[in-house]
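Student: Hi! Could you walk me through this structure? I'd like to ask things as they come up.

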Amino acid sequence: MNINNIKKTVFTLLAAALMVSAMPGEPVITKSGNQTIVNTTTIASDIKGYNGPTPLKIYISNNKVVKVEALPNQETPKYFLKVKNGILSKWNGMTVNSAINAKVDGVTGATISSNCVKKTVKRGLEYYKKNKK
């Protein structure tokens, strides 16, 4: 490993540590009006995209997915934009059970990020089912 690669690795690790330390310990499940919001930052941190996890907020009302929102991540912006535009709305309107079992197609050219998002949505919805009040 040359010095430039070492510097890049150290910089990446420091940036990731700063991001984690800058985020308050937001609970996984919160309420806002009649919606329940699942934040997958901590519960899906082991699911990796091309450059790391892709945390999401999943909004649920009356046991249906209202929307899935991407949180800041380290994926390549131009490819992750394809994922945001291509699949995040696919779960909208589905019941939680249907959304967990949905076979959502990934985005061509952003397969790894797409797969990460799909697994993260599933993990978030399964967490919701087990922990909703």
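Tutor: Happy to! Let's begin with a salt bridge: the side chains of E69 and K67 meet in one, at 3.5 Å from N to O. Keep in mind that this is a predicted model.

Student: How many salt bridges turn up in the whole structure?

Tutor: A search finds two. Besides E69 with K67, R123 forms one with D46, and their closest N and O atoms are 2.8 Å apart. That pair links distant parts of the chain, because R123 sits in helix 4 while D46 is in the loop between strand 2 and strand 3, 77 residues apart.

Student: OK, new topic. How are the strands arranged?

Tutor: Four strands make an open sheet, in the order 1-2-3-4, with antiparallel pairing. Strand 1 (29–32) and strand 4 are at the edges with a single partner strand each, so one side of each has no neighbour in the sheet. From one strand to the next, the twist averages 25 degrees.

Student: What holds strands together in general?

Tutor: Strands of a sheet pair through backbone hydrogen bonds, which can be parallel or antiparallel in arrangement.

Student: How many bridges does strand 3 make with strand 2 and with strand 4?

Tutor: Strand 2 (residues 35–39) pairs with strand 3 over four bridges, and V38 has I58 as its bridge partner there. On the strand 4 side (residues 64–70), strand 3 pairs over six bridges. S61 stands opposite K64 in that strand 4 pairing.

Student: What happens in the hairpin of strand 3 and strand 4?

Tutor: The hairpin has two residues between the strands, and N62 takes a positive phi near 55 degrees.

Student: Why is strand 3 largely enclosed?

Tutor: Six of the six residues of strand 3 (residues 56–61) are buried, so the rest of the structure largely encloses it. L56, I58 and I60 point one way, while K57, Y59 and S61 point the other way, and all are buried.

Student: Which helix lies across the sheet strands?

Tutor: Helix 4 lies across strand 1, strand 2, strand 3 and strand 4, and it runs at about 45 degrees to strand 3.

Student: Which residues have the most contacts inside the largest nonpolar core?

Tutor: V68, W91, V117 and L125 do, in a core of 23 residues. Two or more residues come from each of strand 3, strand 4, helix 2 (77–86), helix 3 (96–101) and helix 4 (111–131). The largest share, four residues, is from helix 4.

Student: What does V68 touch?

Tutor: Leaving out residues up to four places away in sequence, V68 touches L56, K57, I58, L88, W91, N92 and V121.

Student: Last one! I clicked on T36. Where is it found?

Tutor: T36 is in strand 2. T36 is buried, with a relative accessible area of 6%. Its side chain makes a polar contact of 3.0 Å with the side chain of K31. Among the residues T36 touches are I58, Y59, I60 and Y128.

Terms used. Residues are numbered from 1 along each chain as its sequence is written. This is a predicted model: local features need pLDDT of at least 70, side-chain atom pairs count only at pLDDT 80 or more; totals for chains, interfaces and linings use all residues. Side-chain values use heavy atoms; hydrogens and water are left out. Buried means under 20% relative accessible area, exposed over 50%, partly exposed in between (1.4 Å probe, protein chains only). Two strands pair if DSSP finds at least two bridges between them. A nonpolar core is a set of buried Ala, Val, Leu, Ile, Met, Phe, Trp, Tyr and Cys residues joined through side-chain atoms within 4.5 Å. Contact means heavy atoms within 4.5 Å. Axes are lines fitted to C-alpha atoms, for helices over the stretch in contact, and angles run from 0 to 180 degrees between N-to-C directions. A polar contact is a pair of N or O atoms within 3.5 Å; within protein, one must be able to donate a hydrogen and the other to accept it, and residues adjacent in sequence count only if both atoms are side-chain atoms. A salt bridge is a side-chain nitrogen of Lys or Arg within 4 Å of a carboxyl oxygen of Asp or Glu.
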